[in-house]
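Trainee: Could we go through this model together, with the conventions stated as we go?

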Amino acid sequence: MSNSLQRETDRKISILLVEDNPDHIELIVRALQKSSKACEIEIAKDGQEALEMLGLQNGYEKAVKKCIPQLIMLDVRLPKVDGEEVLRKVKNDPELKLIPVIVLTTSKRNEEVKRMYELGANSYIVKPSQFEEFLESIQNIETYWGTINVLPTNQATSEEGQYEQ
């Protein structure tokens, strides 16, 4: 494996998980940790907490962003502020709009799928009901978004655009 490829697979990916179900939180965190030791996971248990962490809470024009993740995993049905509103605010923020947002939900309703994509979701995944399928889905998400896909960063690197032979 070349050094540049090794660096890509060894990189830490920061994930904001926005989920209110404690069982789902535990499963997702366990699956991410099993899949890769290269995740830094922040958890928001409702939409309001997610907005506060991202510096998007109402009433503050220049709120401090406590968390700027490289990936957001977002449930739709959340207490206080729903996932649709969180997604809308993330995609309307100049500093956050490029962050990939994966919607993780139990709904297959076509109207909801369409609405979330219209608001800027990068992926829409229905949570499997079987434990093993759920773990596998989360591990596949981490593999793709954390290893294969190139995520935007806030810092330019000197190696940008260069290939190692």
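Trainee: Which residues does Glu112 touch, not counting residues up to four places away in sequence?

Mentor: This is a predicted model, in which local features need pLDDT of at least 70 and side-chain atom pairs count only at pLDDT 80 or more, while totals for chains, interfaces and linings use all residues. Residues are numbered from 1 along each chain as its sequence is written, and side-chain values use heavy atoms, with hydrogens and water left out. Glu112 lies in helix α5, where helices (H or I, at least four residues) and strands (E, at least two) are DSSP runs numbered from the N terminus. Taking contact to mean heavy atoms within 4.5 Å, and setting aside residues up to four places away in sequence, Glu112 touches Val76, Arg77, Thr105, Ser107 and Tyr124.

Trainee: Is Glu112 buried or exposed, and what is its relative accessible area?

Mentor: Buried means under 20% relative accessible area, exposed over 50%, and partly exposed in between, with a 1.4 Å probe and protein chains only. Glu112 is therefore buried, because its relative accessible area is 3%.

Trainee: Which residues of α5 are exposed on the other side from the buried ones?

Mentor: The buried residues of α5 (residues 110-118) are Glu112, Val113 and Met116. They cover an arc of only 100 degrees around the axis, taken from the directions from the helix axis to the C-beta atoms, which means that they lie on the same side of α5. What covers these buried residues includes α4 (83-92), β4 (101-105) and β5 (123-126). On the other side of α5, the exposed residues are Asn110, Lys114 and Glu118.

Trainee: In what order do the strands of the open sheet come?

Mentor: Two strands pair if DSSP finds at least two bridges between them, and β1 and β2 pair in the parallel sense over 6 bridges. The edge strands are β2 (39-44) and β5, each of which pairs on one side only. The pairing in this open sheet of 5 strands is parallel, and the order is β2-β1-β3-β4-β5.

Trainee: What is the phi of Lys80, and where is the place of this residue?

Mentor: Lys80 is exposed, with a relative accessible area of 64%. Although Lys80 is not a glycine, its phi is positive, at about 70 degrees. The place of Lys80 is in the loop between β3 and α4.
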